[in-house]
Amino acid sequence: MTSTRAWTRVVAAIATTFGVLTAGAIGAGAAQASGAQTPTDVIAALSVAAIDDLRDQADGMPELADAASFGDVHRVHRWSHELIAGDASDPVTATDEWVAPVLSSAGEAVAIYRVWRETPDGTAEFAGVDGDAATAVALAEVDPSVTLISDPTIAAWYTLQGGVVTPVGSARFDDIRAATPIDQVAETVSARYAKNIRDAAPATGNSSAGWVWAGAGGLVIAMIAVGVGVRRRVSLG
């Protein structure tokens, strides 16, 4: 039973890492196609009709009853495969997800609205609403030209500007709590991902532990290598 639980933890940790890496690889192709401008299908998804739907479905989120408009639209980025491996030379990858603060009639940010493309060649559509008003307020103050980063593994948001990473909103669950140079961020993020997988591995006293950890480490390295290869092929294409 212990061995089964240990394997479950390892698989879960690898799956989390693989999910983030895969999202980055998919987003890389879209980034080449759309550039910095907000695509028309994203703008269409952030419509007056979308605001009306928010107000109509505000039963569980009363703060949305006064939704009146959207603030600036931001494309969401993730940490790149290189940064997760400890290399800060190419730190982020664009995804097929965009966010915008939901504004009340008084112009106050009350929630974060998400749209996404399920596939790179799909059409942007509603993906959810985050009722974290504090982060919405902070997001509303971010210039849309600044790179916005989401780290879903710890529910954290950042901006990247001039080689410096700055938390957006609450840093309560974050390991980057203040403006930090990207090189240091690469060390922190890489160490955290490695620790998550080590913590999921069986204890060293288990006769199979060495093989489990070696296999997990090898698989993660392989996934990073494959992801980097995908991004490079997309860039050259």
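Helices (H or I, at least four residues) and strands (E, at least two) are DSSP runs, numbered from the N terminus. By that rule, the protein chain has seven helices and nine strands.

Before we start: this is a predicted model, where local features need pLDDT of at least 70, side-chain atom pairs count only at pLDDT 80 or more, and totals for chains, interfaces and linings use all residues. Residues are numbered from 1 along each chain as its sequence is written, and side-chain values use heavy atoms, leaving out hydrogens and water.

**Exercise 1.** Find the aromatic pair that Phe70 and Tyr113 form, and describe it.

*Solution.* 
Step 1: Recall the rule: rings of Phe, Tyr and Trp (its six-membered ring) pair if their centres lie within 6.5 Å; planes under 30 degrees apart are stacked, over 60 edge-to-face, and the rest tilted. The count comes to three aromatic pairs.
Step 2: Phe70 and Tyr113 are 4.8 Å apart, centre to centre, with 50 degrees between the planes, so the pair is tilted.

**Exercise 2.** Are Phe70 and Tyr113 buried or exposed?

*Solution.* 
Step 1: Buried means under 20% relative accessible area, exposed over 50%, and partly exposed in between (1.4 Å probe, protein chains only).
Step 2: Phe70 has 16%, so it is buried.
Step 3: Tyr113 is at 5%, so Tyr113 is buried too.

**Exercise 3.** Which parts of the chain does the pair of Trp79 and Tyr158 tie together?

*Solution.* 
Step 1: Trp79 and Tyr158 form a tilted pair, 5.4 Å centre to centre, with 40 degrees between the planes.
Step 2: Trp79 lies in strand 2 (residues 74-79) and Tyr158 in strand 7 (residues 156-161), so the pair joins parts 79 residues apart in sequence.
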